[in-house]
4 protein chains.
Amino acid sequence: MGIIERKKREREKRRNQILEVAKALILDRGVPAISMQDIADEAELSKATIYLYFQSKEAILSEILGTSADAFIAYAEGRLEAASDGLSAIKILWESYLGFFVESPDIFICTGIKNYIPPAPASAGSEIEELQHDRKIRRLIAKVLKRGCDDGTLEASIDPDRIARIVVMITMAIVDNIARLPRSERDAKLIREDMQDTFEILLRGLAASSAERSLLSLSPS
Amino acid sequence: MGIIERKKREREKRRNQILEVAKALILDRGVPAISMQDIADEAELSKATIYLYFQSKEAILSEILGTSADAFIAYAEGRLEAASDGLSAIKILWESYLGFFVESPDIFICTGIKNYIPPAPASAGSEIEELQHDRKIRRLIAKVLKRGCDDGTLEASIDPDRIARIVVMITMAIVDNIARLPRSERDAKLIREDMQDTFEILLRGLAASSAERSLLSLSPS
Amino acid sequence: MGIIERKKREREKRRNQILEVAKALILDRGVPAISMQDIADEAELSKATIYLYFQSKEAILSEILGTSADAFIAYAEGRLEAASDGLSAIKILWESYLGFFVESPDIFICTGIKNYIPPAPASAGSEIEELQHDRKIRRLIAKVLKRGCDDGTLEASIDPDRIARIVVMITMAIVDNIARLPRSERDAKLIREDMQDTFEILLRGLAASSAERSLLSLSPS
Amino acid sequence: MGIIERKKREREKRRNQILEVAKALILDRGVPAISMQDIADEAELSKATIYLYFQSKEAILSEILGTSADAFIAYAEGRLEAASDGLSAIKILWESYLGFFVESPDIFICTGIKNYIPPAPASAGSEIEELQHDRKIRRLIAKVLKRGCDDGTLEASIDPDRIARIVVMITMAIVDNIARLPRSERDAKLIREDMQDTFEILLRGLAASSAERSLLSLSPS
DNA sequence: TATGAATGAGATTTCATTCAT
DNA sequence: CATGAATGAAATCTCATTCAT
């Protein structure tokens with residue numbers, strides 16, 4: 001029954017092609033400026049065909065979000081195994097972020113999408129699914145923070161879950177701000193600098209007071 | 001000739017009424033979901049009448065933004081006079097923010113508007129004006145940070161301008177995130193708690209290492 | 001009873017002021033581009049006040065048309081008294097036209113208005129009134145043509161009434177074409193040249209074959 | 001795969017249907033009085049569908065204009081091959097015009113459109129394209145006039161380009177004037193008579209003085 | 001007389017989505 | 001599976017005109 005397999009593979013390929021096209025367009029013109037027509041045109045498919053692969057525009061956006069988040073999580077989890085304690089774990093997390101996300105345009109795309117999704121929509125259904133993407137990353141961060149609280153390398157008073165949420169927000173905010181610049185002025189280096197500064201401040205703010213100052217700076221690859 | 005005065009007052013009243021209606025709608029449904037028609041309907045006026053008071057939809061949004069920002073700046077500047085050094089100044093700033101903004105729904109509205117403004121627009125004209133509102137607040141924060149760097153109460157290595165930008169971003173991010181919750185779950189207390197935690201982390205991250213730990217917590221009124 | 005007289009005079013003055021403003025605006029931006037609001041603003045009156053003096057926008061346009069036509073007719077009739085025969089009469093008529101109208105911007109205004117009035121409107125009422133303005137000029141031209149047919153200086157086969165109508169049309173067409181140029185390139189000299197060429201062709205076409213060729217050119221003042 | 005062919009044909013048919021509907025409406029109510037809504041209603045399509053076939057209202061008007069002009073030019077050029085000299089060429093041109101255009105309502109439609117196009121627009125871009133339609137006809141006329149000047153059958157002193165421009169204007173003026181009559185009184189015969197008279201006058205005015213008088217009348221088919 | 005305020009009706013255009021083939 | 005065609009609903013903005021004061 002290889003034929004069914006092949007069909008499935010081809011279907012998957014089309015899906016990905018559409019997603020790639022959508023990502024490229026978002027990067028170029030911003031989420032609100034692109035229409036299903038644009039995606040169809042660029043993918044050299046008809047609008048109707050797009051609807052064969054995705055239920056709605058929102059579904060496309062959601063999938064892009066999810067894929068990127070999952071990829072990051074896999075990447076970060078691999079690197080985290082090398083962490084000796086909570087403090088170094090969170091440093092590794094941020095270095096991963098700086099290394100992985102910032103180099104790739106996915107970061108702009110995801111932030112663009114997140115900010116496009118209307119705040120507090122009427123139907124809670126899809127929204128919950130949306131947040132799921134965040135939530136995975138949030139859970140990862142919370143785990144790392146908790147480890148630091150437990151082993152004494154991070155300030156004991158913090159609430160890992162809440163701070164994890166805040167950290168995700170902050171990160172997105174930085175990207176979003178860069179994304180608002182005209183495309184030509186937009187620069188991965190800018191983000192990296194802003195993020196490095198921000199993460200160092202957060203690191204100092206989160207570390208236990210006993211932590212050695214010299215450990216509180218980041219050195220992204 | 002009090003008649004002219006009265007007319008003027010009434011006109012002002014209508015303007016404000018429209019702004020209030022717009023704010024209420026934004027709060028309720030989010031910026032992208034409201035149209036001039038919605039505003040008109042809710043204000044029990046015709047669309048054309050709205051255009052009598054505001055040149056465009058953007059003008060309404062901009063005015064809301066500007067008014068709130070100005071009010072906050074005035075409020076904060078008054079309180080800042082009591083600051084003895086940079087560290088206490090920044091604490092006062094954040095306490096002001098928590099006290100002033102967080103209690104009022106303006107915070108949601110402003111964040112909603114800011115995030116609605118299309119990222120990286122072609123014409124820089126109006127956008128620059130838009131950002132002006134931010135810029136004022138940013139300048140205020142930068143001034144406070146600089147004071148702290150100069151008098152040794154804040155970490156000397158930080159760049160006041162960049163960090164000011166980051167701080168504004170972070171603040172908006174927190175609000176925005178809350179705003180994305182379904183209206184019913186959304187809660188000023190939530191924001192206050194998130195912000196307080198965040199600001200405390202930032203405070204510890206920004207303070208000079210010599211600062212007394214006990215000074216690094218906030219107590220909003 | 002001077003008081004009533006004065007009021008009447010003042011009313012007349014306001015009317016004229018409004019008409020002048022309207023003419024200036026038409027000249028500047030073209031009929032379709034001006035609104036009652038524009039007229040009111042420029043006249044430093046309210047829109048409602050304009051409606052106290054004129055029943056509608058159309059009424060203003062119509063009055064402008066009428067006034068200009070009447071002025072031209074008076075001017076031309078004066079000069080026509082010097083005509084010795086039909087051929088010289090028609091030359092004088094065109095020279096008058098070139099001298100009077102072309103020098104003054106009224107020509108643009110009138111043409112602009114004429115072309116703005118929708119062709120073949122539903123209600124015949126107002127339209128008939130409109131054409132009245134033309135008709136007066138047409139009658140004048142027809143009279144002159146008839147004189148020429150009768151005294152043998154013009155081609156006997158022409159139908160004075162029909163040709164009069166045609167001549168008015170042609171004249172307007174020339175002006176209209178110039179009016180379509182960007183205001184900066186628009187030039188009274190241009191019109192004069194086009195009109196002179198055209199009138200000379202018409203003159204040759206209308207003159208009896210016995211007419212001396214040397215009489216068939218125009219020399220506008 | 002005739003299916004693609006058929007689709008293409010049907011698409012073309014729809015386009016034409018829309019153009020026909022637009023033409024009928026223009027004929028009936030005049031260009032300024034019709035909206036995209038009207039066209040859609042009359043074509044029993046939705047407004048959005050109209051936009052599927054034409055980029056804008058202006059595009060529809062322009063296409064109507066272009067099609068008619070091209071058709072006329074083709075028709076006239078074919079007949080012009082029979083011309084023995086400049087004088088007979090211009091006679092043939094006018095006879096073609098009378099025969100081709102005047103019988104069809106296109107003449108009203110085109111004139112209506114031309115007069116609708118705003119005078120002296122800010123952006124020269126689209127306007128230039130618009131005038132292209134005229135220009136083609138103008139060029140044809142100029143060529144014919146030049147031939148006549150060169151072979152001595154037309155008055156040598158005329159400037160072919162300028163006179164060509166004038167002739168186009170005059171022609172349009174006649175049509176436009178008829179179009180302003182209430183639809184019921186409007187009559188192709190009227191135009192034909194007016195145009196024939198006019199063209200004969202122009203012919204006499206343009207012909208060299210040596211031309212035989214008997215050649216200076218038109219006999220449209 | 002004069003006017004500020006209000007508005008109904010409409011114009012053009014866009015877009016996510018559906019459906020017959 | 002793929003698509004061309006169609007559309008309803010909306011969005012922003014304009015304008016001649018009326019009316020209460």
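The surface near DNA strand E draws at least two residues from each of α2 (36–43) and α3 (47–53) of chain A, α1 (2–29) and α3 (47–53) of chain B, α3 (47–53) of chain C, and α2 (36–43) and α3 (47–53) of chain D. Helices here are DSSP runs (H or I, at least four residues) numbered from the N terminus. The model is predicted: local features need pLDDT of at least 70 and side-chain atom pairs count only at pLDDT 80 or more, while totals for chains, interfaces and linings use all residues. Residues are numbered from 1 along each chain as its sequence is written, and chains are lettered from A and ligands numbered from 1 in the order in which they are written.

Around DNA strand E stand 32 residues (C-beta atom, placed from the backbone, within 6 Å). The closest include A:Ser35, B:Ala48 and C:Ser46. By class, this surface has 12 nonpolar, 10 polar and 10 charged residues. Ala, Val, Leu, Ile, Met, Phe, Trp, Tyr, Cys and Pro count as nonpolar, Asp, Glu, Lys and Arg as charged, and the others, Gly among them, as polar.

Two or more residues come from each of α1 (2–29) and α3 of chain A, α2 (36–43) and α3 of chain B, α2 (36–43) and α3 of chain C, and α1 (2–29) and α3 of chain D. The surface near DNA strand F comprises 12 nonpolar, 10 polar and 11 charged residues.

Chains B and C do not touch (contact requires C-beta atoms, placed from the backbone, within 7 Å). Their nearest C-alpha atoms are 12 Å apart.

Definitions and conventions. Contact = placed C-beta atoms within 7 Å.
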